Amino acid sequence: MTANFQERSRQEERAVQSEISSPAQFSPNRTRREYIGLAARGFAMGCADIVPGVSGGTMAFILGIYEELVMSIRAGARRPFWRALLRLDVLAALEAVNARFLVAVLAGIAVAVLTLASRLEWVLKNHPVLIWSFFFGLVFASIVTVRKQIHNWSVPLWAALAAGTVGAWFVVGAVPVQTPESAWFLFLSGMLAICAMILPGISGSFILVLLGKYQFVLAAVNQRDVVSLAIVGAGAMVGIVTFAQLLAWLFRRCHDLTIAVLIGLMAGSLRKIWPWKETVASIIDRHGEILPTVQRNYLPPAWNGEVFFALGLAVAGFVVVMALERLGEAK
């Protein structure tokens, strides 16, 4: 009887692990309208990914698709996908990686990057306070909403949150460096940036800034430099599949602790997203562009029209996230 009980327990545990680790649990039969909604969420992620300091992972968290995204990416390195691929069963392989979900989200991201890269670059140069204010409201609201995923806060969870906050605070304050433009470094940059890109709070674009490759990649997008983009993209593919394994394992083993760390990362990133900054030191890169290396946050010196407009955009960003959360709960 004991042996039967132990065997039954093992079978139940395997069933639970299989259910948790499979992206299929997230992917019911969606309608065309729902897939359009996924593409719109991908578009929002792409907009965030372009801006240094704002994480596409944060947007995925805000929009409620983060865990499905991680599990679907992770499935690309799992046995069911490769077994189906070796059998040339394309439909089974696509189903194993939740392909419809991934295609909808990635299509939205691609459209955002290709259509908005130049426009966001212009807004960041000419109206930085306004766009940072809106994103500050988005990220601050996401901290408020995501914390509700943890029902019972404990000392270890608060410690994990504090560690994530401190870590992100120092990472986003790091000084960008000058780096080579050879293929191996572009590949490495893609790997590191994509890992950060799916972490809420740490921006993949900002990692590119730290590596001295943000303007290079942005210019490659605007100039349709296919070769450079292919190298960065190959690094991103390798990085995202391997890093997703770790994230999925953390979600399965210690879900609340992982969420606490991710909330901390978002909180620490607010240092970078603060709208009012003073450039203390800067360098001129090899393309002749002025690149800030040290910036100091400050409070606006006077309450003028721009300040009120910026505060209004921050409130608008906050309200958008809260409204999305209410809509998701009602649904």
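Trainee: How many helices and strands does the chain have, and what kind of model is this?

Mentor: The chain has 15 helices and 2 strands, and the model is a predicted one. Of its 331 residues, buried ones make up 44%, while 77% of the contacts between residues at least 6 apart in sequence join residues at least 24 apart.

Trainee: What makes glutamate 68 and arginine 30 a salt bridge?

Mentor: The closest N and O atoms of glutamate 68 and arginine 30 are 2.8 Å apart, and the cut-off is within 4 Å for a side-chain nitrogen of Lys or Arg and a carboxyl oxygen of Asp or Glu, so the pair is called a salt bridge. The two residues are 38 residues apart and link distant parts of the chain, with glutamate 68 in helix α4 (residues 66–74) and arginine 30 in the loop between α1 (2–21) and α2 (32–50).

Trainee: What makes α4 largely enclosed by the rest of the structure?

Mentor: In α4, 8 of the 9 residues are buried, so the helix is largely enclosed by the rest of the structure. The buried residues are Tyr66, Glu68, Leu69, Val70, Met71, Ser72, Ile73 and Arg74. Serine 72 also takes part in a polar contact of 3.1 Å between its side chain and that of asparagine 98, a distance that is within 3.5 Å and so qualifies. Asparagine 98 lies in the loop between α6 (90–96) and α7 (99–126) and counts as buried at 5% relative accessibility.

Trainee: Which residues have the most contacts inside the largest nonpolar core?

Mentor: They are Met45 and Tyr66, in a core of 69 residues. Leaving out residues up to four places away in sequence, methionine 45 touches Gly56, Met59, Ala60, Ile65, Leu69, Val105 and Ile109. A second, separate core of 6 residues includes Ala75, Phe81, Ala84 and Ala93.

Trainee: How do you know how the reach of helix α8 compares with the expected span?

Mentor: Helix α8 (residues 128–146) has 19 residues and reaches 27 Å from its first C-alpha to its last, which is close to the 27 Å expected at 1.5 Å a residue. The helix is also mostly covered, with 15 of its 19 residues buried.

Trainee: What does UniProt list as "transmembrane region", and what is the chain like over residues 129–146 and 226–250?

Mentor: An unreviewed UniProt entry lists several ranges under that name, including residues 129–146 and 226–250. Over residues 129–146 the chain is 100% helix and 0% strand, with the end C-alpha atoms 26 Å apart, and over residues 226–250 the chain is 100% helix and 0% strand, with the end C-alpha atoms 35 Å apart.

Conventions:
Residues numbered from 1 in each chain as written. Predicted model: local features only at pLDDT ≥ 70, side-chain atom pairs only at ≥ 80, totals over all residues. Heavy atoms only, no water. Helix = DSSP H or I, 4+ residues; strand = E, 2+ residues; numbered from the N terminus. Expected span 1.5 Å × (residues − 1). Buried < 20%, exposed > 50% of the residue type's maximum accessible area, 1.4 Å probe, protein only. UniProt positions renumbered as here; feature names shortened; annotations may be inferred. Polar contact = N/O pair within 3.5 Å; in protein donor to acceptor, adjacent residues only side chain to side chain. Core = buried A, V, L, I, M, F, W, Y, C linked by side-chain atoms within 4.5 Å. Contact = heavy atoms within 4.5 Å.
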